[in-house]
Amino acid sequence: QIRPEEVSDFYLSNLKNAVHWTVKLVQIDLLCDHAISHPASAFHTAMHLSNLLSVSEHRPVRQYAGLRLLEVCGLLTVSQINEITIDLLRELESGQDQISRFIPPYLGQIICMLPEKELLEAVELLENLLQGDSVRPARTALFTLGEILNATVGHPTLPRRVLGAVM
């Protein structure tokens with residue numbers, strides 16, 4: 001267990017370049033364990049993990065933040081998951097490859113946690129990226145749609161809708 005004052009220290013420490021990436025992995029575990037035992041903090045932890053997924057300079061930190069984000073999303077409300085989804089979709093829109101290339105595997109799975117209405121809204125936003133003028137956001141949107149397809153294989157209508165976005 002971590003003390004409440006340590007939680008904010010870990011949030012700040014994880015964003016500093018001077019902190020070794022292995023320390024950040026341990027702090028991610030501690031923050032996630034804290035979120036599990038204190039569900040009221042889960043959304044703040046999820047936002048932090050989303051931020052690490054987007055901006056960390058170290059691939060292992062990004063990947064681990066993404067994996068743990070998937071776990072923490074299980075503690076969130078639909079509106080909170082939707083907010084995380086929108087934030088990550090905005091990162092894809094940026095077209096900055098160093099930011100957006102690590103997001104699709106996790107974003108696709110997070111989108112699949114949403115009810116069908118919100119899921120289809122996210123698919124529509126990805127469709128808009130596909131139809132835009134820039135290749136980079138279109139590429140990451142396509143990758144994200146592929147992850148959604150992987151996660152919805154048994155669903156009766158969603159794969160067809162996602163494929164419609166691609167065609």
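Which helix is Ser 54 found in? Ser 54 sits in helix 3, and this predicted model gives us a few close-ups to look at, starting there.

**View 1**
If you skip the neighbours within four places in sequence, Ser 54 is in contact with Arg 62, Leu 88, Glu 91, Gln 98, Ile 99 and Ile 103.

**View 2. Helix 3 and what packs around it.**
Now for helix 3 as a whole, residues 42-55. From first C-alpha to last, its 14 residues reach 20 Å, close to the 20 Å you'd expect at 1.5 Å a residue.

**View 3. Helix 4 against helix 7.**
A pair of packed helices is described by the angle between their axes and the distance between the axes. For helix 4 (residues 59-73) and helix 7 (residues 104-111), the angle is about 5 degrees and the axes are 10 Å apart. Angles under 35 degrees count as roughly parallel, so that is the label for helix 4 and helix 7. Helix 4 brings Gln 63, Gly 66, Leu 67, Leu 69, Leu 70 and Cys 73 to the contact, while helix 7 brings Tyr 106, Gln 109 and Ile 110. Sorted by class, the residues of this contact are six nonpolar, three polar and no charged.

**View 4. Helix 5 against helix 8.**
Next up are helix 5 (residues 78-94) and helix 8 (residues 116-130), packed at about 5 degrees with axes 11 Å apart. Helix 5 is therefore roughly parallel to helix 8. On the helix 5 side you'll find Val 78, Asn 82, Thr 85, Ile 86, Leu 89, Leu 92 and Glu 93, which meet Glu 118, Ala 122, Leu 125, Leu 126 and Leu 129 of helix 8. The contact of helix 5 with helix 8 has eight nonpolar residues, plus two polar and two charged.

**View 5. Helix 9, end to end.**
Last, a look at helix 9 (residues 135-151). With 17 residues at 1.5 Å each, helix 9 should span 24 Å, and its end C-alpha atoms agree, being 24 Å apart. Buried residues in helix 9 are Pro 137, Ala 138, Thr 140, Ala 141, Thr 144, Leu 145, Glu 147 and Ile 148.

Notes
Residues are numbered from 1 along each chain as its sequence is written. This is a predicted model: local features need pLDDT of at least 70, side-chain atom pairs count only at pLDDT 80 or more; totals for chains, interfaces and linings use all residues. Side-chain values use heavy atoms; hydrogens and water are left out. Axes are lines fitted to C-alpha atoms, for helices over the stretch in contact, and angles run from 0 to 180 degrees between N-to-C directions. Helices (H or I, at least four residues) and strands (E, at least two) are DSSP runs, numbered from the N terminus. Angles under 35 degrees count as roughly parallel, over 145 as roughly antiparallel, 65 to 115 as roughly perpendicular and the rest as oblique. Contact means heavy atoms within 4.5 Å. Ala, Val, Leu, Ile, Met, Phe, Trp, Tyr, Cys and Pro count as nonpolar, Asp, Glu, Lys and Arg as charged, and the others, Gly among them, as polar. The expected span of a helix is 1.5 Å times one less than its number of residues. Buried means under 20% relative accessible area, exposed over 50%, partly exposed in between (1.4 Å probe, protein chains only).
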